[in-house]
Every structure is written in structure tokens, then in C-alpha cells.
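Here's a quick tour of a chain and its fold, written for someone who likes to know the cut-offs behind each term. Have the viewer open and follow along.

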Amino acid sequence: MERLQKIIANSGYCSRRKAEELIKAGKVKVDGKVITELGTKVSDKSVIEINNERITREEKEYYLLNKPRGVVTTTSDDKHRKTVVDLIETDKRIYPVGRLDYDTTGVIILTNDGEFAHMIMHPKSEIDKVYIAKVEGIINGEAIRKLETGVELDQVVVKASRVKVRKMDHKTNHSLVEITIHEGKNHQVKRMFEKVGYRVDKLKREKIAFLTTKGLNSGEYRKLSGKEVSKLYVLANKKEREI
Ligand code: URA
């Protein structure tokens, strides 16, 4: 017996929070009966329907992709552009965890585990997302200080948990800056630099926590090991698979 919202999230249908909303809104049926009580325990064999559609309890898969430029981070694209999901061979309904822009490269996780995806993306989990930004101009101390103390985006203050200058190239008038953040707002890194007066010319996500693109050429991927998945849960201060 497991909690209904957990089963829904584990099915990959949506996050646990979204599952709770659906349950409260009366959209979820268990064995033909609408259940609105959060935390209702449900057996393995029960049939769960959301909006009258049966959900499947798939085996979980976790992939790490080195995203190339020119690929969209969605499951489908109305302009028929290639998506990150197209790059991975699987029959499971996987989706990207968070978003990288069309022109951003680097580490991205794809999974069919809604709970895991939610955990990685939630700022409270404090999972490091490390980016390397090539910015136009020579970055100054004041800009770095502002990135670290916080800039306002969408009426909230977001700050980098770390900023490190890797290179300043006076010849080409560019700087290479490593920036670590915990949130995943739309175009967050580019907008943060814009707020402090710099334009990002190139962006790469170098790391999510301890995961890098090591051994993966652009467009290549690999499965995450069970150990790596567990380690991410531990990092996020969650009891492995139990929450
Ligand atoms: N921030 C951005 O601006 N773009 C990305 O793709 C990721 C983070």
C-alpha cells in the first residue's frame, strides 16, 4: 500500500504537488471511485485514473544527456524541431528535468519519475546547477557582487550561490564566468547577467550536482546508476525513495 499522490508522481504523470492538486480537485479515481482525500493508501493492484484516463506504472528510467545546441527541451515541438527526447532511445514516456534554452548546451537529466524531477528542480533541494557563461565584456567586481547578493527576476530576488571568473580575455573582450544557481527560472542565467549589464554569448551547463558530461560527446547520453540517483536524493536531504 502506498500513498496515492506518491504513486501518481512515481508513474511519471506529474509532480507530487500537482498530483495533490488533482486529487483535491476530484480528478482522480481509484478502482472507479473518486478519491479527494490526500494520503489515501492504495494497493499495487488498484486501477488509478486521472481525468478518466488510466495511468500506467512504468519502470523508472533516468538519463543524462549532453545536450547539443539547436535542440529544444520539451517532449514535442509545434515547429517540428528536434527535441531532447528524440535523442534518447526508449519506449518510456520520459521528459526533461528543467529546461535548457535552444542554444544552451550541456548536462540535462531526462526521466519518467515525477517525484525525482520535482526534487531536482525544487530550489529547496539546493541541488547545484553549474553553468559556464561566455559573456561580452570584461566582468567587474561590482557585477559579481550583485549576482551573489541577488538580482530581481519576476518580482523575486534570485542569487547565485557562487560566481567564479575563469578567464578574462581583453583581446576578444570576453569573460568566462562560472555561475552556480539552485533555481531554474526561464532564461535565468542570461537574465541575471543582463541585470548586471552583461550579455551572455554562449552558455553551457557544466554540472548538476556531481553529474558532468564527462565521457559524453555532444548529443550522447547514458543511464544514471541507482547509486547516482540515491546520491542525488541524499544531497537533497531526502530519505531515499521514502518521502
Ligand atoms: N539559464 C539560461 O539563461 N538559459 C538556460 O538554458 C539555462 C539557464
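Strands here are DSSP E runs of at least two residues, helices are H or I runs of at least four, and both are numbered from the N terminus. Two strands pair if DSSP finds at least two bridges between them. Val163 sits opposite Ile179 in strand 14. The two strands make a hairpin with 4 residues between them, and Asn173 in that turn has a positive phi of about 55°.

Before going on, some ground rules: this is a predicted model, where local features need pLDDT of at least 70 and side-chain atom pairs count only at pLDDT 80 or more, while totals for chains, interfaces and linings use all residues. Residues are numbered from 1 along each chain as its sequence is written, and side-chain values use heavy atoms, with hydrogens and water left out.

Within it, Lys29 has Val34 of strand 3 as its bridge partner.

## Salt bridges

The structure holds 16 salt bridges, each being a side-chain nitrogen of Lys or Arg within 4 Å of a carboxyl oxygen of Asp or Glu. One of them ties Lys6 to Glu2, with the closest N and O atoms 3.5 Å apart. Lys6 is buried at 12% relative accessibility, while Glu2 is partly exposed at 29%. For these labels, buried means under 20% relative accessible area, exposed means over 50%, and partly exposed is in between (1.4 Å probe, protein chains only). Asp91 and Lys92 also meet in a salt bridge, at 3.6 Å from N to O, and Asp91 is exposed at 67% relative accessibility.

Glu136 and Arg199 form another, their closest N and O atoms being 3.2 Å apart. This pair links distant parts of the chain, 63 residues apart: Glu136 is in strand 10 (residues 129-136), and Arg199 is in the loop between helix 5 (188-195) and strand 15. Glu136 is partly exposed at 38%, and Arg199 is exposed at 52%. There's also a network: salt bridges that share partners join Arg162, Arg166, Glu178 and Glu206.

## A positive patch

Which residues form the positive surface patch? They are Arg69, Lys134, Lys167 and Lys202. A patch takes residues with over 30% relative accessible area and no salt bridge, joining like charges within 9 Å, or nonpolar side chains (Val, Leu, Ile, Met, Phe, Trp, Tyr) within 5 Å. Lys202 belongs to strand 15 (residues 200-208) and is partly exposed, with a relative accessible area of 45%.

## One more loop

Thr75 falls in the loop between strand 7 (62-67) and strand 8 (95-96). Thr75 is partly exposed at 47% relative accessible area. From Thr75 to Glu148, 73 residues apart along the chain, the C-alpha separation is 33 Å.

Conventions:
Accessible areas come from the Shrake-Rupley method with a 1.4 Å probe; for residues, only the protein chains shown count as cover. Lys and Arg count as positive and Asp and Glu as negative; His and the chain ends are not counted. The place of a charge is taken as NZ of Lys, CZ of Arg, CG of Asp or CD of Glu.
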